Amino acid sequence: MKAPDIDHSTRAERERFVIEEFRCKADCDLCGACQFLRGRPAEELYADYIDGLRSFMDVTREANQM
């Protein structure tokens, strides 16, 4: 599923997307979300996106550089 555009979505829609996108799928070998998040809650990592300050991809790119 594609991340909702910050200009055409509500805060609640973006938050729901992040929670669903990074929910535990109970198959760590195939998922990798936990490794990407590095122990951080997805809502914390994507707070700027949820608040409509930065795009999902901008936050993701920055997180990949860490």
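1. A helix, as the word is used here, is a DSSP run of H or I that is at least four residues long, and helices are numbered from the N terminus. The structure is a predicted model. With that in place, Arg61 and Asp58 can be located: both belong to helix α6, three residues apart, which is about one turn of the helix.

2. The side chains of Arg61 and Asp58 also meet in a salt bridge, with 3.1 Å from N to O. Arg61 is partly exposed at 47% relative accessibility, and Asp58 is partly exposed at 36%.

3. How many salt bridges does a search of the whole structure find? The count is six. Among them is the one between the side chains of Arg54 and Asp48, at 3.4 Å from N to O. Arg54 forms a salt bridge with Glu62 as well, and there the closest N and O atoms are 3.1 Å apart.

4. The accessibility of these residues can be stated one by one. Arg54 is partly exposed, its relative accessible area being 23%. Asp48 is partly exposed too, at 28%. For Glu62 the relative accessible area is 39%, and this residue is again partly exposed.

5. Which residues of α1 are buried? They are Arg14, Phe17 and Val18. Seen down the axis of α1, the buried residues fall within an arc of 95 degrees, so they line one face of the helix. The elements that cover them include α4 (42-45), α5 (47-50) and α6 (56-65).

6. With a relative accessible area of 23%, Ile6 is partly exposed. What does Ile6 contact, leaving aside its neighbours within four places in sequence? The residues are Arg14, Tyr49, Gly52, Arg54 and Ser55. Two of these names have come up already: Arg14 is buried in α1, and Arg54 has a salt bridge with Asp48.

7. A last point concerns separation along the chain and in space. Ile6 and Ala47 are 41 residues apart in sequence, and their C-alpha atoms are 12 Å apart.

How values were computed
Residues are numbered from 1 along each chain as its sequence is written. This is a predicted model: local features need pLDDT of at least 70, side-chain atom pairs count only at pLDDT 80 or more; totals for chains, interfaces and linings use all residues. Side-chain values use heavy atoms; hydrogens and water are left out. Buried means under 20% relative accessible area, exposed over 50%, partly exposed in between (1.4 Å probe, protein chains only). Contact means heavy atoms within 4.5 Å. Helices (H or I, at least four residues) and strands (E, at least two) are DSSP runs, numbered from the N terminus. The arc is that of the directions from the helix axis to the C-beta atoms. A salt bridge is a side-chain nitrogen of Lys or Arg within 4 Å of a carboxyl oxygen of Asp or Glu.
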